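Please read this briefing alongside the sequence and the 3D structure shown below. The points are grouped by topic.

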Amino acid sequence: VQLQAFGGGLVQAGGSLTLSCAASGRTFSTNVMGWFRQAPGREREFVATISANGVIKYYADSLKGRFTISRDNAMNTVYLQLNSLKPEDTAAYYCAVSGRVGADIYYYTHAYAYNYWGQGTLVTVSS
């Protein structure tokens, strides 16, 4: 199983990026997927998660309204649209797939809920 994330890059503050994460090796259409990020010198933090059918989405409070998670199960891909980017959004962004069943969507805001991780794609926002 592999998760390949791409779409990161250098962008000016206020700009936008779309990150993609393609899974291979098996289908994840019945799995919750999520995005996390890790800034230099900081711990990995939750960004967003999406249910298997794409209906339920949950975001970190500080990112609501700027980031949008979506998925295409036919393509085995999860996306993260980043808008109105700020320098503090600079981080490596990681996609993840959960093979676990949580009590609710909040379970998937924790890194331990996820079994598979991508290699990360770097987003750098200049001021």
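With a relative accessible area of 12%, asparagine 76 counts as buried, where buried means under 20% relative accessible area, exposed means over 50%, and partly exposed lies in between, computed with a 1.4 Å probe on protein chains only. The model is predicted, and local features therefore need pLDDT of at least 70, while side-chain atom pairs count only at pLDDT 80 or more and totals for chains, interfaces and linings use all residues. Residues are numbered from 1 along each chain as its sequence is written, and side-chain values use heavy atoms, with hydrogens and water left out.

**Positive phi values**

- Asparagine 76 is a residue other than glycine with a positive phi, near 55°, and it is found in the loop between strand E7 (67-72) and strand E8 (77-82); strands (E, at least two residues) and helices (H or I, at least four residues) are DSSP runs numbered from the N terminus.
- Serine 84, which is not a glycine either, has a positive phi of about 50°; its place is in the loop between E8 and E9, and at 42% relative accessibility serine 84 counts as partly exposed.

**Aromatic pairs and cluster**

- The structure holds 10 aromatic pairs, a pair being two rings of Phe, Tyr or Trp (its six-membered ring) whose centres lie within 6.5 Å, with planes under 30 degrees apart counted as stacked, over 60 as edge-to-face and the rest as tilted.
- Phenylalanine 36 and tyrosine 114 form an edge-to-face pair, at 5.3 Å centre to centre and with 80° between the planes.
- Because phenylalanine 36 lies in strand E4 (residues 33-38) and tyrosine 114 in the loop between strand E9 (91-97) and strand E10 (116-117), this pair ties together parts that are 78 residues apart in sequence.
- Phenylalanine 36 is buried, at a relative accessible area of 2%, and tyrosine 114 also counts as buried, at 5%.
- The ring centres of tyrosine 108 and tyrosine 114 are 6.3 Å apart and their planes stand at 70°, so this pair is edge-to-face; both tyrosines are buried.
- One aromatic cluster is formed by Phe36, Phe46, Tyr58, Tyr106, Tyr107, Tyr108, Tyr112, Tyr114 and Trp117.
- Tyrosine 112, a member of that cluster, is found in the loop between E9 and E10 and counts as exposed at 54% relative accessibility.
- Leaving out residues up to four places away in sequence, tyrosine 112 touches Arg100 and Tyr107, where contact means heavy atoms within 4.5 Å.

**Arginine 44 over two rings**

- The charged end of arginine 44 sits over the ring of tyrosine 94, at 3.9 Å from its centre, the criterion being that NZ of Lys or CZ of Arg is within 6 Å of the ring centre and within 35 degrees of the ring normal.
- The charged end of arginine 44 also sits over the ring of tryptophan 117, at 4.8 Å from its centre.

- Glutamine 38 has its place in strand E4 and is partly exposed, with a relative accessible area of 28%.
- Apart from neighbours within four places in sequence, glutamine 38 is in contact with Glu43, Arg44, Ala91, Ala92 and Tyr94, and its C-alpha atom is separated by 9.4 Å from that of aspartate 89, 51 residues apart along the chain.
- Alanine 96 lies in strand E9 and is buried, with a relative accessible area of 1%.
- Beyond its neighbours within four places in sequence, alanine 96 is in contact with Leu3, Val32, Met33, Gly34, Tyr114, Tyr116 and Trp117; alanine 96 and phenylalanine 36, although 60 residues apart in sequence, are 7.8 Å apart from C-alpha to C-alpha.
- Threonine 124 is found in strand E11 (residues 121-126), is partly exposed at 29% relative accessible area, and touches Gly9, Leu10, Val11 and Thr90, not counting residues up to four places away in sequence.

**The largest pocket**

- The largest pocket has a volume of about 190 Å³; on a 1 Å grid over the protein atoms alone, a pocket is an open set of points where a 1.4 Å probe fits, with protein on both sides within 12 Å along at least five of seven lines.
- Grid points are joined across faces, edges and corners, and the volume is the space filled by probe spheres set on the points.
- The largest pocket is lined by 14 residues, of which Arg37, Arg42, Glu45, Glu88 and Asp89 lie nearest its centre, a lining residue being one with an atom within 4 Å of a point.
- This lining divides into 3 nonpolar, 3 polar and 8 charged residues, with Ala, Val, Leu, Ile, Met, Phe, Trp, Tyr, Cys and Pro counted as nonpolar, Asp, Glu, Lys and Arg as charged, and the others, Gly among them, as polar.
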